[in-house]
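I opened the notebook for another look through a model. Here are my entries, in the order I looked things up.

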Amino acid sequence: MEATEIRKLAALEDTHWWYRERRALLGRALRRLAASGRRPGRALDVGAAGGGNTRVLRAYGWRPVALEFSVDGAEVARERGLDVIRADARHLPVASAGLDLVVAFDILEHVDADHLAAAEIRRTLRPGGTALIAVPCDMRLWSAHDVAVGHVRRYDRESLRATVEKAGLVVDELWSWNVLLRPVAAWRRRTSTGSDLGDLPTVVNLGLRAVVTAERYLPVKGLPGVSLMLRAHRPTDG
């Protein structure tokens, strides 16, 4: 992702509807892990950018490190008081089996050899450790936005599952996100000339936030969306 996009993301993520709800999704996943008896441990936020998700991990008691490839993203995260390392997702500078949780939200689609990044997630997780992954879905939504933010691909359920399972992870749950706003996204992408990242009028931002928040209470996870979310684990016998 370009440095300008990283800076734009960092400036927007506290208020923008998409980033707010994505952090809420992470928070719910962490609460589910806690409810299942998992105690917070060591976590890595791969592709952390400005560290918005890293801060969520810390708020829930995890001991997170933000991993970011870009100089600008790492600098923003460091300015926010986060522990940061700069590295490539295909070569994580972390000991094998040393992590309890790896979060990789909207990172695999930027990597040519995405199976290598997935394999690194598996390698660094301890047996039984959890991976939380988010990616953009459906090549029919491909647009100038994807080019502007450095996407290599968009996924479908089969390709995401295959990438994760090839790495040696076991998929626990795979679901769609941003379903209700898919028609809006499809229309917007047809006329897009660049990144969709940008400040929005307050009323528009609140309206979009209300729609995407409604998904929490509706049975739409199996329908086509704009993103895919996945929870997986490293098997205890491998």
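Is W18 buried or exposed? I looked it up and found W18 buried, with a relative accessible area of 17%; buried means under 20% relative accessible area, exposed over 50%, and partly exposed in between, using a 1.4 Å probe and protein chains only.

A note on the ground rules before I go on. This is a predicted model, so I kept in mind that local features need pLDDT of at least 70 and side-chain atom pairs count only at pLDDT 80 or more, while totals for chains, interfaces and linings use all residues. Residues are numbered from 1 along each chain as its sequence is written, and side-chain values use heavy atoms, with hydrogens and water left out.

**Entry: aromatic rings**

I describe a pair of aromatic rings by the distance of the centres and the angle of the planes. The rule I used takes rings of Phe, Tyr and Trp (its six-membered ring) as a pair if their centres lie within 6.5 Å, with planes under 30 degrees apart stacked, over 60 edge-to-face and the rest tilted. By this rule I count two aromatic pairs. In one, the rings of W18 and Y19 have centres 4.9 Å apart and planes at 85°, so I logged the pair as edge-to-face. Y19 is buried, with a relative accessible area of 5%. In the other, the rings of W18 and W177 have centres 5.6 Å apart and planes at 50°, so this pair is tilted. Helices (H or I, at least four residues) and strands (E, at least two) are DSSP runs, numbered from the N terminus. W177 counts as buried too, at 4% relative accessibility. I noted W18, Y19 and W177 down as one aromatic cluster.

**Entry: nonpolar cores**

Which residues touch the most other members of the largest nonpolar core? Of its 28 residues, I found that these are L44, V46, I121, I133, L160, V164 and L230. A nonpolar core here is a set of buried Ala, Val, Leu, Ile, Met, Phe, Trp, Tyr and Cys residues joined through side-chain atoms within 4.5 Å. The elements giving two or more residues to this core are β1 (42-46), β4 (99-105), α5 (114-124), β5, α7 (157-166), β6 and β7. The most come from β5, with four residues. I also found a second, separate core of 24 residues, which includes W17, L26, L132 and W177.

I then followed V46. Not counting residues up to four places away in sequence, V46 touches L67, A89, L92, V102, V103, A104, F105 and I107, where contact means heavy atoms within 4.5 Å.

**Entry: the cavity**

What lines the largest cavity? I wrote down V46, A89, L92, I107, L108, A117 and I121. On a 1 Å grid over the protein atoms alone, a cavity is a set of points where a 1.4 Å probe fits but cannot get out, and a pocket is an open set with protein on both sides within 12 Å along at least five of seven lines; lining residues have an atom within 4 Å of a point. The volume of the largest cavity is about 30 Å³, counted as the space filled by probe spheres set on the points, with grid points joined across faces, edges and corners.

**Entry: the second largest pocket**

I found about 300 Å³ of space in the second largest pocket. Of its 19 lining residues, L25, R28, R32, W175 and K221 lie nearest its centre. Helix α2 gives the largest share of this lining, five residues.

**Entry: two positive phi values**

D106, in the loop between β4 and α5, has a phi near 60°, a positive value in a residue other than glycine. D106 is buried, with a relative accessible area of 15%. D138 has a positive phi of about 75° although it is not a glycine. I placed D138 in the loop between β5 and α6 (144-148), and D138 is buried at 12% relative accessible area. Leaving aside its neighbours within four places in sequence, D138 is in contact with R154, Y155 and R182.
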